[in-house]
Every structure is written in structure tokens, then in C-alpha cells.
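Dear colleague,

Please find below the structure that I am handing over to you, followed by my notes on what was found in it.

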Amino acid sequence: MLEIQAVLEGGPADLPTELRNQFVTDGTDKIKVNHYGGHEHFERAPAMLPGPVSAGPAVYRWTMRTKVAE
């Protein structure tokens, strides 16, 4: 499987840099990050450039936060 660079935008300001910049499997549409007793959810933003492959990292935008089930 091909891995691509992902950049997470939005969400909590204190989300660590190492979580905001990571590698994911190409084709991943959603990323869920554990953060302070909850999950931050990010979804892949539409590509800004035409064509199948963009020169930069894939951008994922914050969509919501959910609490961890107890």
C-alpha cells in the first residue's frame, strides 16, 4: 500500500504537531485521533489541483469531536 503525507487542519489548538503531520494509506478518507479523553475526527478535503496526484500533502479538515465510550 502506498503511504501519503497527511496534514490535519482545524480542531483543538493544542493538538500536537506530530499528530497534525502524519503518513496514512492512500485512499484514507477519514482520520480519528485520540486526544484528551475524546476522538477528534478529520475528513479529507477535496483536491485543489486537477489530476490524480497532487504535489503536496493531502489535507484533512476537522469535522467533530466525540467522547470515548466508557
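His-39 counts as buried because its relative accessibility is 15%, where buried means under 20% relative accessible area, exposed over 50% and partly exposed in between, with a 1.4 Å probe and protein chains only. Please keep in mind that this is a predicted model, in which local features need pLDDT of at least 70 and side-chain atom pairs count only at pLDDT 80 or more, whereas totals for chains, interfaces and linings use all residues. Residues are numbered from 1 along each chain as its sequence is written, and side-chain values use heavy atoms, with hydrogens and water left out.

His-39 belongs to strand β4, which covers residues 38-44; strands (E, at least two residues) and helices (H or I, at least four) are DSSP runs, numbered from the N terminus. Leaving aside residues up to four places away in sequence, His-39 touches Lys-32, Val-33, Asn-34, Met-64, Arg-65, Thr-66 and Val-68, a contact being heavy atoms within 4.5 Å. Arg-65 is 26 residues away from His-39 along the chain, yet their C-alpha atoms are separated by 5.6 Å.

**The protein as a whole**

Of its 70 residues, 26% are buried. Among contacts between residues at least 6 apart in sequence, 40% join residues at least 24 apart.
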